[in-house]
Amino acid sequence: LYERPTLITTMKLFILATLATVAIAAPQGYGYSAPRSVDSDESVEVIPILRDDRVREDDGTHNFEVETGNGITISQSGDSNGDKQGVISFTHPDGTEFHMTFVANENGFQPQSSAIPVAPAFPHPIPDFVLEQIEFARQEDEAAAREAKSSIRTPSGSYGAPSSRKKREAPSPAYSAPRSVVSDDSVEVIPILRDDRVRQDDGTHNFDVETGNGITISQSGDSNGDKQGVISFTHPDGTEFHMTFVANENGFQPQSSAIPVAPAFPHPIPEFVLEQIEFARQEDETAAREAKSSVRTPSDSYGAPSRKKREVPAPSYSAPRSIGTDDSAEFIPILRDSRVHEEDGTYNFDVETANGIVLSQSGDSDGDKQGVISFTHPDGTEFHLSFVANENGYQPQSSALPVAPAFPHPIPDFVLEQIEFARQEDEAAAREAKSSVRTPSDSYGAPSRKKREVPAPSYSAPRSIGTDDSAEFIPILRDSRVHEEDGTYNFDVETANGIVLSQSGDSDGDKQGVISFTHPDGTEFHLSFVANENGYQPQSSALPVAPAFPHPIPDFVLEQIEFARQQDEAAAHEAKSSVRTPNSRYSAPNSSEEK
């Protein structure tokens with residue numbers, strides 16, 4: 001769960017590093033030139049702009065085409081629906097050419113370039129006969145979709161539910177796999193032995209398909225949208241493929257020996273720690289079986305253990321015996337095992353063993369947690385990790401954790417100075433706010449509600465640390481900040497050197513804004529974002545793009561995804577239009593609203 005953001009960030013940073021090499025010089029005729037290199041006193045080379053054509057119509061259609069004297073070409077066009085396409089190309093200093101075309105429409109940003117990293121190949125080749133079955137199913141679905149569109153009908157309120165609720169009859173045994181496109185010989189007729197499909201009005205469903213050549217696909221789902229199923233077949237070389245899966249509020253969880261395994265932990269976990277973890281797992285399983293054997297009302301708090309304080313075991317309690325040896329095991333006493341759970345959900349536990357393993361964690365009634373894990377490796381290396389888990393996610397801190405690569409494009413010093421200056425201002429405002437007696441706002445991180453006055457034009461950026469010369473004064477042209485009592489706010493800041501920061505938020509905590517500035521080499525940076533119940537969603541040409549899916553997604557799958565998205569939007573609009581009291585418990589979903 002926590003490795004995926006690192007992978008995505010790495011890919012994003014790679015693409016950003018590529019795009020950041022595009023340095024656009026000033027237009028000809030105005031004398032504006034690329035910035036002077038800080039390491040050289042020689043005059044810089046003026047790179048003329050050979051072409052700069054930009055057209056924008058009132059209906060939103062636009063076209064622009066820019067070409068510089070050093071071979072940089074950027075072109076883009078867009079229609080009134082917001083769809084865009086374009087080309088970016090240039091030559092690296094080592095002579096390597098970069099060329100990227102892209103399309104951006106309702107299917108997202110779709111770049112094409114030999115410089116974009118490619119996702120790894122599927123760990124096991126998919127046999128041709130399976131691909132033929134998939135293609136045949138896609139063609140069937142397309143034909144059904146065309147037939148359905150030709151008739152007037154009301155779409156079902158169940159995601160991906162077919163039009164007919166009744167059980168589908170099994171096709172006759174003469175029904176066969178499609179003919180191989182690479183052969184004119186008569187095809188082998190593969191009968192469908194079983195094709196049972198049932199869907200109820202409440203959304204529960206079950207289907208079970210089996211072909212004569214051993215392909216089996218089965219799936220069932222309940223009215224909450226949870227699903228489980230099995231996919232199995234035999235490869236032409238006799239290798240069996242078997243995969244089971246569960247899809248629920250925890251995501252899609254497949255289980256198969258053919259699925260690739262995540263890389264090993266960056267530092268080997270000692271065997272004695274693994275033994276302690278295994279022993280704890282066995283204890284938890286025993287407690288779970290014991291709890292199930294008694295009749296009790298389940299708690300409405302997920303995973304809430306018994307509320308009473310657990311007694312500390314006797315010092316003779318020891319770690320399990322090592323599996324790989326017949327020698328007598330070393331008995332490692334547990335020096336401390338304190339566990340307390342309160343009725344409101346707050347809890348605290350603290351465990352320490354004689355061999356230096358320490359596990360401690362505490363949590364409050366809102367579900368926020370913090371804790372520490374530490375031990376010593378057999379080679380004497382100490383491991384220490386502290387963490388906080390709250391509405392901002394799981395945030396670990398440890399010298400043993402891998403570090404993300406450096407930002408691919410240096411952030412200019414003047415931008416860093418402005419950011420640091422703004423941070424110091426915010427800290428000063430926070431200290432001032434804490435020094436006065438006031439009732440805290442129920443809106444997270446809400447500053448003072450009164451409008452801030454715009455500072456005088458003489459207000460300037462902080463002095464550069466690396467020089468003793470007098471700093472250039474960069475006036476703040478606009479600094480408008482407004483906070484209302486209901487939590488809505490708006491601020492808009494602009495400096496004379498082109499930095500623009502603007503953001504607004506509503507009473508529900510939803511936010512949107514824009515950040516833009518120009519790099520010293522003349523490259524413009526622009527990012528807009530929205531932050532709401534769907535998370536933080538940035539939009540910028542400087543953001544890297546994930547690699548393309550290794551296998552084309554069939555149109556009928558994309559149509560189902562789009563239909564589900566439209567349904568979710570409609571449900572969200574309907575929910576917002578009704579007056580309701582928000583739940584005071586963080587991230588606790590309402591089961592009735594999820595259906």
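Trainee: What share of the contacts in the chain with a separation of 6 or more comes from residues 24 or more positions apart?

Mentor: Good place to start! This is a predicted model, and in it residues 24 or more positions apart account for 29% of those contacts with a separation of 6 or more.

Trainee: How do I read the reach of a helix, say H3?

Mentor: Compare its end-to-end reach with what is expected at 1.5 Å a residue. Helix H3, residues 271-293, has 23 residues and spans 33 Å from its first C-alpha to its last, close to the expected 33 Å.

Trainee: Which residues of H3 are buried, and what do they pack against?

Mentor: Phe272, Val273 and Gln276 are the buried ones. The buried residues of H3 pack against strand S14 (347-353) and strand S16 (369-376).

Trainee: Now, how do helix H2 and helix H5 pack?

Mentor: For a pair of helices, look at the angle and the distance between axes. H2 (residues 128-150) and H5 (residues 555-577) pack at about 50°, their axes 9 Å apart. Because of that angle, H2 counts as oblique to H5.

Trainee: Which residues make the contact?

Mentor: From H2, Arg138, Asp141, Glu142 and Ala145; from H5, Asp555, Phe556 and Glu559. The residues of this contact divide into five charged, two nonpolar and no polar.

Conventions. Residues are numbered from 1 along each chain as its sequence is written. This is a predicted model: local features need pLDDT of at least 70, side-chain atom pairs count only at pLDDT 80 or more; totals for chains, interfaces and linings use all residues. Side-chain values use heavy atoms; hydrogens and water are left out. Helices (H or I, at least four residues) and strands (E, at least two) are DSSP runs, numbered from the N terminus. The expected span of a helix is 1.5 Å times one less than its number of residues. Buried means under 20% relative accessible area, exposed over 50%, partly exposed in between (1.4 Å probe, protein chains only). Contact means heavy atoms within 4.5 Å. Axes are lines fitted to C-alpha atoms, for helices over the stretch in contact, and angles run from 0 to 180 degrees between N-to-C directions. Angles under 35 degrees count as roughly parallel, over 145 as roughly antiparallel, 65 to 115 as roughly perpendicular and the rest as oblique. Ala, Val, Leu, Ile, Met, Phe, Trp, Tyr, Cys and Pro count as nonpolar, Asp, Glu, Lys and Arg as charged, and the others, Gly among them, as polar.
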